[in-house]
Number of protein chains: 4
Amino acid sequence: MSSHKEQVQQRLRTIEGHVRGIYRMVEQDSYCIDVLMQMDAVQKALDQVGRMVMDQHLHGCVTTAIRSDDAVERERVIGELMQVFSERRK
Amino acid sequence: MSSHKEQVQQRLRTIEGHVRGIYRMVEQDSYCIDVLMQMDAVQKALDQVGRMVMDQHLHGCVTTAIRSDDAVERERVIGELMQVFSERRK
Amino acid sequence: MSSHKEQVQQRLRTIEGHVRGIYRMVEQDSYCIDVLMQMDAVQKALDQVGRMVMDQHLHGCVTTAIRSDDAVERERVIGELMQVFSERRK
Amino acid sequence: MSSHKEQVQQRLRTIEGHVRGIYRMVEQDSYCIDVLMQMDAVQKALDQVGRMVMDQHLHGCVTTAIRSDDAVERERVIGELMQVFSERRK
């Protein structure tokens, strides 16, 4: 599991650097459309990390909770999934 | 569960009528922005029905599959969830 | 311009039929994931029609308004563009 | 306009710090859902900066280009707007 965590961390480092690069683009009065395109690239990179985290969550916590006999816990993880699923579709 | 199904169907009927209404707006040369706003409303209505279907899916098929002893089946439902989760986040 | 209008209308007719098809899928208790995938396809088709309408809007009303000497009108069309641009990114 | 630029830069700095915070959350094995929620918050913050940049772009470059007599230039800015408009609606 450590390798997965490291991959997520590495990607977050890259995203952080990417945001810093956009800061510099703005500082140097880069063309607005180029700034917007780079911001879209960051959004897509975040989506990708999100998928990695979600994949691990489904295989880990969600599987454990749903296989348990604790109905409240099962309901809790499903409620959380619904929340994440809904978040950017408002 | 029938009441859930009926609710989903009723909303889909409403969405169908909404799309027909947009067709008429275009026919009558309505203002582009008004057309776009109505199309966004339809998208949001579809998001809402999507959440209802997903909620039922998590409580039904997903819970059953993950609680089963069939590892292949568990992997299948998780893979499907990842696909839906990723679909509009590319 | 009529051909553009007809194309938009034709696509809206197709989308309406697609929604009706999803209604029938639900009626026949189709698999939730298949229903969700079809709903995603409808949303993408709506996005496409939205792009066609937006393209015409930019070439028509927006260009006319911004080229006019009416500063209030120019501000109005830009405000509307911002509203549409923001709509599904909340 | 400098104040607008400073606001955009300030927000990008905040976003950069936010991403660094998520890195630390992952490092400390925070709960996946909490990580995903923070990532959604970053994406919303990026959307907001995107709106600020777009607003300036419409009032600046787009207005200048569309008011010019250079038809090729007008077409170019409209094409760019369509590209940004389409980017996250595929």
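Predicted model: local features only at pLDDT ≥ 70, side-chain atom pairs only at ≥ 80, totals over all residues.
Q: Why are α2(A) and α2(D) called roughly antiparallel?
A: Their axes cross at roughly 170°. Angles over 145 degrees count as roughly antiparallel, so α2(A) and α2(D) get that label. The two axes come within 10 Å.

Q: What makes up the contact of α2(A) with α2(D), by residue class?
A: That contact divides into 20 nonpolar, 6 polar and 2 charged residues.

Q: How do you know that α2(B) is roughly antiparallel to α2(C)?
A: Go by the angle again: α2(B) and α2(C) pack at about 170°, with axes 10 Å apart. The cut-off is over 145 degrees, and that makes α2(B) roughly antiparallel to α2(C). As for its residues, the contact of α2(B) with α2(C) has 20 nonpolar, 6 polar and 2 charged.

Q: Which hand does the crossing of α3(C) and α2(D) have, left or right?
A: α3(C) passes α2(D) in a right-handed crossing.

Q: Which residues meet where α3(C) packs on α2(D)?
A: From α3(C) they include Ile78(C), Leu81(C), Met82(C) and Phe85(C). On the α2(D) side, Met54(D), Leu58(D) and His59(D) are among them. By class, this contact has 6 nonpolar, 4 polar and 5 charged residues.

Q: What makes the pair Asp29(A) and Lys5(D) a salt bridge?
A: Their closest N and O atoms are 3.1 Å apart. The cut-off is within 4 Å, so the pair counts as a salt bridge. Between chain D and chain A the count is 4 salt bridges.

Q: How do you know that the salt bridge of Lys5(C) with Asp29(B) joins two chains?
A: The side chains of Lys5(C) and Asp29(B) meet at 3.1 Å, N to O. Lys5(C) sits in helix α1 of chain C, while Asp29(B) is in the loop between α1 and α2 of chain B, so the pair joins two chains. Over all chains, the structure holds 28 salt bridges.

Q: How much area is buried between chain D and chain A?
A: About 4,100 Å², with carbon and sulfur atoms giving 67% of that. The contact takes 41 residues from chain D and 41 residues from chain A.

Terms used
Residues numbered from 1 in each chain as written. Chains lettered and ligands numbered in written order. Heavy atoms only, no water. Left-handed = near helix turned anticlockwise from the far one by under 90°. Helix = DSSP H or I, 4+ residues; strand = E, 2+ residues; numbered from the N terminus. Contact = heavy atoms within 4.5 Å. Nonpolar A, V, L, I, M, F, W, Y, C, P; charged D, E, K, R; others polar. Buried area = accessible area lost by both parts, 1.4 Å probe. Axes fitted to C-alpha atoms, helices over the stretch in contact; angles between N-to-C directions. Parallel < 35°, antiparallel > 145°, perpendicular 65-115°, else oblique.
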